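Let's walk through a protein model together, one region at a time. Please keep the structure open while you read.

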Amino acid sequence: MTARTPITGGSLGSLPAATPGDVDDAVARAAEAFRTWRIVPAPERGAVVRRLGELLRAHKSDLAELVALEAGKIRSEAQGEVQEMIDVCDFAVGLSRQLYGATMASERPGHRMMELWQPLGVCGVITSFNFPCAVWAWNAALALVCGDPVVWKPSEKTPLTALACDALVQRAGAPAGVAQVVLGGAEVGERLVDNPSVALVSATGSTAMGRAIGPRVAARFGRSLLELGGNNAAIVAPSADLDLAVRAVAFAAAGTAGQRCTTLRRLIVHRSIHDDLVDRLVTAYKSLTVGNPLDERTLVGPLIDRHAYEAFGRALDEVGALAGGARELESMAPDAFYVRPAIAVVLEQTPLVLRETFAPLLYVLAYDDWDEAVALHNAAAHGLSSSVFTSDLREAERFLSPAGSDCGIANVNIGPSGAEIGGAFGGEKDTGGGRESGSDAWKAYMRRMTCTVNYSGELPLAQGVEFL
Ligand code: NAD
């Protein structure tokens, strides 16, 4: 397989892809490593993750440079991605002393009930190109402290970043077989997914990928954690601070060249401020510098490949006239795809608007009343991230209420992208339902064991059952 940079479309080198036998061997090594890793005290497992965090701090710039080179992110966002890895390592180190279980009041005298959280087993991690290392870290940092070895199948579009991360985790002292990488495309991922020794498949990518693997894991009663596509929206209410909203929308819709799962794709604006907001956005978009992501002045780097560029082009053909932006910049090379972020005013949510086009194309819709805005917002098949811009406390609370946003993430006066690691990350509906990173997402990587201890000399049965 060939590693490429979207900056020029050129090759960065060739790498051998894993064979089916290589994947099986990696899983077998991980299963063997699990036998000892699971009984290493969790704080000691945390020490490996602490050293990984320290190495990431020491190599932040170099790794960020590689992310920029391979995924096309601007430097600041690439640095942010590595910072996110450092943050989740810190979080996981603390967690390694806090894998708490509950205790419950037993109905029987002289009995104690409790929950123990046990390591689950081998964790297969499949990741997308657009977060080529942070998503692995979200999974790996937690899985490692929870006692699970990790076999990582990174995106075939970003193999070098994966190899760099693997070098760091080995240097951090991960025992043999506890952290491994298998390179390759979907077929390598499928081999991992179907291996019955993989207890948890944590897969990040398109909804199509999740639809393909979810049933396969379920068929063998494996556990899956799916982090799939998004079609994220923001409501802008009449009381919104428009200066703040314009900045937030520009970053959320055009940042990362529209290639985040949390990218803002639909803007639902009250009719009374619609034209004003569109004008302001069109002006803001004119100042977005598109180009080489390694250039400090650039705000929008390239699309990942021709496939992404063609999907963007198809969406633009379908949507017709644009309020702002344009289809194409002059390419820097025949296989490099730079586009100018675009804004399209639409009258309704057509199938096009409800489709995730992984590129910087923002649809703007007008609404007249709150219920209509929420209905438009929740009409997407995906349910990842969402925002409301308002200065009206009642509207903000309604957005966060059970009758408000139906997403896994809901923000007030912040765009939908750029989450912190401390919260659980993920979404509902076609986004797959998984949660990873902060809060109690660690529970997905462990096996819950309910234990009852009888310290009396009697044998009372539950529910008062009499026997012998
Ligand atoms: P993709 O679905 O093309 O690939 C993602 C990963 O899945 C790759 O490693 C790929 O090789 C693997 N894969 C694909 N088909 C497979 C199969 N049948 N079996 C096993 N593995 C398979 O996605 P992409 O283009 O790399 O990333 C963009 C997509 O990812 C967008 O839809 C985006 O919204 C989504 N995404 C979601 C999140 C999230 O947390 N929800 C985060 C980042 C990206």
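The residues of the shell around the ligand divide into 12 nonpolar, 12 polar and five charged. Here Ala, Val, Leu, Ile, Met, Phe, Trp, Tyr, Cys and Pro count as nonpolar, Asp, Glu, Lys and Arg as charged, and the others, Gly among them, as polar. Of the 29 residues around the ligand, S128, G189, G205, E227 and C261 come nearest; a residue is near a molecule if its C-beta atom, placed from the backbone, lies within 6 Å of it. Two elements, α7 (186–194) and α8 (207–219), each give two or more residues to this shell. The biggest share comes from α7, with four residues. Names such as these are given to DSSP runs, numbered from the N terminus: helices are H or I runs of at least four residues, and strands are E runs of at least two.

Before going on, a word on what you are looking at: this is a predicted model, in which local features need pLDDT of at least 70 and side-chain atom pairs count only at pLDDT 80 or more, while totals for chains, interfaces and linings use all residues. Residues are numbered from 1 along each chain as its sequence is written.

The assignment, which is of an automatic or database kind, gives domain 1 as 2–228 + 432–451 and domain 2 as 232–412. Taken over C-alpha atoms, the centres of the two domains are 30 Å apart. Across the boundary, 13 residues of domain 1 are in contact with 21 residues of domain 2, contact meaning that the C-beta atoms of two residues, placed from the backbone, lie within 7 Å. On the side of domain 1 that touches domain 2, five residues are nonpolar, four polar and four charged.

Now turn to some strands. Strands of a sheet pair through backbone hydrogen bonds, either parallel or antiparallel. Two strands count as paired if DSSP finds at least two bridges between them. Strand β15 (residues 385–389) runs parallel to β16, and four bridges join them. Within this pair, S386 stands opposite A410 in β16. To get from β15 to β16, the chain passes through helix α13 (residues 393–400), making a right-handed β-α-β crossover; right-handed means that, with the strands pointing away from the viewer, the path from the first strand over the helix to the second runs clockwise.

An open sheet of three strands shows antiparallel pairing, in the order β3-β4-β20. Its edge strands, β3 (103–104) and β20 (446–454), each pair on one side only. Two bridges join β3 to β4 (residues 111–119), and T103 stands opposite M114 in β4.

The cut-offs, with C-beta atoms placed from the backbone, are 20 or more other C-beta atoms within 10 Å for buried, 12 or fewer for exposed, and anything in between for partly exposed. S437, in strand β19 (residues 436–437), is buried with 27 such neighbours inside 10 Å. Phi of S437 is near 80°, a positive value in a residue other than glycine. Q463 also has a positive phi, near 60°, but Q463 is exposed, with 6 C-beta neighbours inside 10 Å.
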